[in-house]
Amino acid sequence: MTAHEEEMQTAGALRRGLGLNRRQFLAATTGLTAAAAVAGVGPLASAAQAAGNGSNGVLVPPGKRGIILYTVRDAISRDPRSTSLPSGFRPVLEELSRIGYKQVEFAGYSQHANSEGGANLETVEGARLLRGWLDDNGLEAEGNHGFIPGSWPLTPADLDRFKLHLEIANILGFGHVGTGNDPTGSAYKADWDLAADKWNQLGLIASAAGLKLYTHNHDVAYSFLLDSGPLNAQGRPTRSSGIRRLEYFLQITDPENVWLEMDIFWAHVAQFRYRTFTAPDGSVQESIFNPLGVVQAQTTRFPLFHAKDGKYNPATGNGYDMVPFGTGDIDYTAFFSQMGAKGYHNPMYEQDNAPGNAANPGQSLQYSALSYTNMAALRG
């Protein structure tokens, strides 16, 4: 065992022995003041713009290079008795650590039944097992795409399960706890108002447990809110003031209790797809979405990112094909160098189509290694 490995093992044992989570054990990172929003920065923003920002050096420090385990879900869920490839949580975490990752975001706590610990680790005991594997490999868990109660007002059963997830999160040392879904799939203002009420309450509960509650976007969450104009047969508005759904949600939720994880790929898909809206007077207005500008305006509301890359392809409905990080056209140099609060954010590599299935069962971990190399190479 190297001196570094010995140090990591000792630190992990000390944290567990003291019953401290990662945030209590380490000094908290202080965010800088958010920069003002700028217009016109999108997938074609140039590296020259980033250089003009005066940022130098590594854009994603070694301790902030992360991955959401959804990317390698095939490896976690496969039968370890059927292959020599890493299978199940423990071997996959070991491999990700070997690649160089320091942070992980969970996407649930299930694995193959033949893996160490069994199929379901969504328990206090399972969390302690996972925490040991994280510490043994020098990994920090930052969040989870896990359980958000479907009921509102909360049923006792949903509240109890939510509190269990908060307990699990603290055992694992999370700084954040969240979901992979939008707060609501509705286009209507009234439904987003209701969602905000729910998330403000859930955020209070999470904050009391020492955790930041976050929601995650897909492209439709940055489409235009229907909040004005003539009503339809159901009494719903049919036109828009021009504000986007998740931007409205950000305005009406408590910044002390509700945070966001921007999926940068899906934000750029929104930029491609949702460019016009029908104004209250019936005119069609153009408004080009600026993902970077949204973050710059209130950068500490976005503690986590999904660093998912896309190759520009206007022939597809999304405008982008999902590819390994650093091999696409989304300008991550500009994004990470200009977003503000340097050292505050936690970018998690994600690629929905990373699994190679039977044709290439090792592909998701191969893509993870390539993406880590490209994330580490980012300079601004």
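## Basis of the description

Residues are numbered from 1 along each chain as its sequence is written, and side-chain values use heavy atoms, with hydrogens and water left out. In this predicted model, local features need pLDDT of at least 70 and side-chain atom pairs count only at pLDDT 80 or more, while totals for chains, interfaces and linings use all residues.

## Helix α8

Helices (H or I, at least four residues) and strands (E, at least two) are DSSP runs, numbered from the N terminus. Helix α8 covers residues 189–208 and reaches 29 Å from its first C-alpha to its last, close to the 28 Å expected, where the expected span is 1.5 Å times one less than the number of residues.

Its buried residues (under 20% relative accessible area, 1.4 Å probe, protein chains only) include W192, W199 and L202. Among the elements that cover the buried residues of α8 are α7, β5 and β8. Just after α8, G210 takes a positive phi of about 80 degrees.

## Strand β8

Six of the six residues of β8 are buried, so the strand is largely enclosed by the rest of the structure. One side carries V258, L260 and M262, and the other W259, E261 and D263.

Strands pair if DSSP finds at least two bridges between them. β8 runs parallel to β5, joined by four bridges, and it also pairs in the parallel sense with β11 over three bridges.

## Helix α10

Eight of the 10 residues of α10 (264–273) are buried, including F265, W266 and H268. At the start of α10, a side-chain oxygen of D263 reaches to within 3.2 Å of the backbone nitrogen of F265.

Technical notes. Buried < 20%, exposed > 50% of the residue type's maximum accessible area, 1.4 Å probe, protein only. Contact = heavy atoms within 4.5 Å. Polar contact = N/O pair within 3.5 Å; in protein donor to acceptor, adjacent residues only side chain to side chain.
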